[in-house]
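Welcome! Below is a short tour of a structure that may be new to you. Take a look at the sequence and the 3D view, then follow the points topic by topic.

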Amino acid sequence: MVFFRSVSALTRLRSRVGQQSSLSNSVRWIQMQSSTDMDLKSQLQELIPEQQDRLKKLKSEHGKVQLGNITVDMVIGGMRGMTGLLWETSLLDPEEGIRFRGLSIPECQKVLPAAQSGGEPLPEGLLWLLLTGKVPSKEQVEALSKDLANRAAVPDYVYNAIDALPSTAHPMTQFASGVMALQVQSEFQKAYENGIHKSKFWEPTYEDCLNLIARVPVVAAYVYRRMYKNGDFVPSDKSLDYGANFSHMLGFDDDKMKELMRLYITIHSDHEGGNVSAHTGHLVGSALSDPYLSFAAALNGLAGPLHGLANQEVLLWIKSVVEECGENISKDQLKEYVWKTLNSGKVVPGYGHGVLRKTDPRYVCQREFALKHLPDDPLFQLVSKLYEVVPPVLTELGKVKNPWPNVDAHSGVLLNHYGLTEARYYTVLFGVSRSLGICSQLIWDRALGLALERPKSVTMDWLDAFCKKASSA
């Protein structure tokens, strides 16, 4: 079948890539950089001067080097393909997918500490990697987990701000409102008002970011229990790791659900800087808005149907397939339904990507999780059929550059299996995850002294005039 041939090819590709000496050396270098220091902030204090010097050297020696040409298509097409941002924590390759500080998702699953042998990576380990470029030890991850737990207290006025909204308000509206209310305690705002030197901007930013990362699961769980569980709130359990505690506060204590939450947060944490939520966080932060303001803005971008809301749309669409055609739908029936969706002027949610041109590795690792833990789930089997049916249809349509599934095509089915069936809430989970990547980069933005973002815009009249002049030259 198409899917299994694709996965087999992907496996062979991983094997070949893993044999390349440059990549192996890169991974070994990262592992060798692992330290016994338990304090994440002190690690950053050692790294920042070196990276500041590196950036100064890049600017002085190569500041005038051109990175490419800008076309009219790029200007009117969402700046796709235009290189214009510095984003240290991850890099997205169109063919290979995301790499966190040089490590692919399978490599992260192999080298990052897990809660159990052979289990999924702990999100705290990925946070350490994103911030330092170093693979942490289990002891370092445990220390960071305790630090986050100790930072997780949420003031009552945050809950009051959420409660001022109707319980029927969209979960992302409630979540973003809660994050805005957290801003009252911003350490960066206080330090800036007290005249902190710009060379120290990163320090209160670090405190805000760690506090924010610690508190967003609490706020997110409050929104979930308020909306769907009659306000029956579940208190935090400091003995649990970040992902497991989030699952617990949502009301899910199944060990497999805790493993899923660790995987979910890890793979959704960062996807380089050009996507809407990451770019928004960076853009707002470049004005020296504090991390709470920056991340709240990022969440509002994430809530859009063309970005984070897509994972909600996928499960709703899959359930509509089942309602109309049944769980045992044939591939021919499924193909007919896909064409029906496309001919109605809609898209097939969960397929295509603005950068990727292959199956999203985040999809692949979720499929591997499903094969391990829920191979007989009817919706998972339907997702597998979709992977065989949808790409050929989209290819035949001829308008799609990437007909392959992205991360959203699979996550809803896994969450639904373990009882988190409220699809409208799924983007909030995405938001909690994305706090790791956006906040990590915000810390480095301030440490490196990155400039206020201010690209040039033009009008259609300007484009017309410029293109006429260029064609007559």
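Helices here are DSSP runs of H or I with at least four residues, and they are numbered from the N terminus. The model you are looking at is predicted.

- L283 counts as partly exposed, at 37% relative accessibility.
- The C-alpha atom of L283 is separated by 7.7 Å from that of L452, although the two residues are 169 residues apart along the chain.

- Is α12 enclosed or open to the outside? Nine of its nine residues are buried, so α12 is largely enclosed by the rest of the structure.
- The buried residues of α12 are Y242, G243, A244, N245, F246, S247, H248, M249 and L250.
- Among the elements covering them are α6 (123-132), α7 (138-150), α11, α13 (255-268) and α21.
- Where α12 starts, a side-chain oxygen of D241 comes to within 3.2 Å of the backbone nitrogen of G243.
- After α12 comes G251, with a positive phi near 110 degrees.

**Aromatic rings**
- How many aromatic pairs does a search of the whole structure find? The search gives 14 of them.
- One of these pairs is Y222 with F233, which is stacked, with 4.3 Å from centre to centre and 15 degrees between the planes.
- Y222 belongs to helix α11 (residues 202-228), while F233 sits in the loop between α11 and α12 (242-250), so this pair ties together parts that are eleven residues apart in sequence.
- Y222 counts as buried, at 11% relative accessibility, whereas F233 counts as partly exposed, at 36%.
- Elsewhere on the list of ring pairs, Y224, Y228, F252 and Y425 are linked into a cluster.

**Where α20 meets α21**
- Helix α20 covers residues 408-417 and helix α21 covers residues 426-448; their axes come within 11 Å and cross at roughly 110 degrees.
- Angles of 65 to 115 degrees count as roughly perpendicular, and α20 and α21 are therefore roughly perpendicular to each other.
- Which residues meet here? From α20 there are D408, G412, L415 and N416, and from α21 there are Y426, L429 and F430.
- Sorted by class, this contact of α20 with α21 has four nonpolar residues, two polar ones and one charged one.

**Residues with a positive phi**
- As background, most residues other than glycine have a negative phi.
- R101 is not a glycine, yet its phi is positive, near 50 degrees.
- You can find R101 in the loop between β2 (97-100) and β3 (103-104).
- Is R101 buried or exposed? R101 has a relative accessible area of 18%, and buried means under 20%, so R101 is buried.
- L288 is not a glycine either, and its phi is positive, at about 65 degrees.
- The loop that holds L288 runs between α14 (276-286) and α15 (291-302).
- L288 is partly exposed, with a relative accessible area of 29%.

How values were computed
Residues are numbered from 1 along each chain as its sequence is written. This is a predicted model: local features need pLDDT of at least 70, side-chain atom pairs count only at pLDDT 80 or more; totals for chains, interfaces and linings use all residues. Side-chain values use heavy atoms; hydrogens and water are left out. Axes are lines fitted to C-alpha atoms, for helices over the stretch in contact, and angles run from 0 to 180 degrees between N-to-C directions. Helices (H or I, at least four residues) and strands (E, at least two) are DSSP runs, numbered from the N terminus. Angles under 35 degrees count as roughly parallel, over 145 as roughly antiparallel, 65 to 115 as roughly perpendicular and the rest as oblique. Contact means heavy atoms within 4.5 Å. Ala, Val, Leu, Ile, Met, Phe, Trp, Tyr, Cys and Pro count as nonpolar, Asp, Glu, Lys and Arg as charged, and the others, Gly among them, as polar. Rings of Phe, Tyr and Trp (its six-membered ring) pair if their centres lie within 6.5 Å; planes under 30 degrees apart count as stacked, over 60 as edge-to-face and the rest as tilted. Buried means under 20% relative accessible area, exposed over 50%, partly exposed in between (1.4 Å probe, protein chains only). A polar contact is a pair of N or O atoms within 3.5 Å; within protein, one must be able to donate a hydrogen and the other to accept it, and residues adjacent in sequence count only if both atoms are side-chain atoms.
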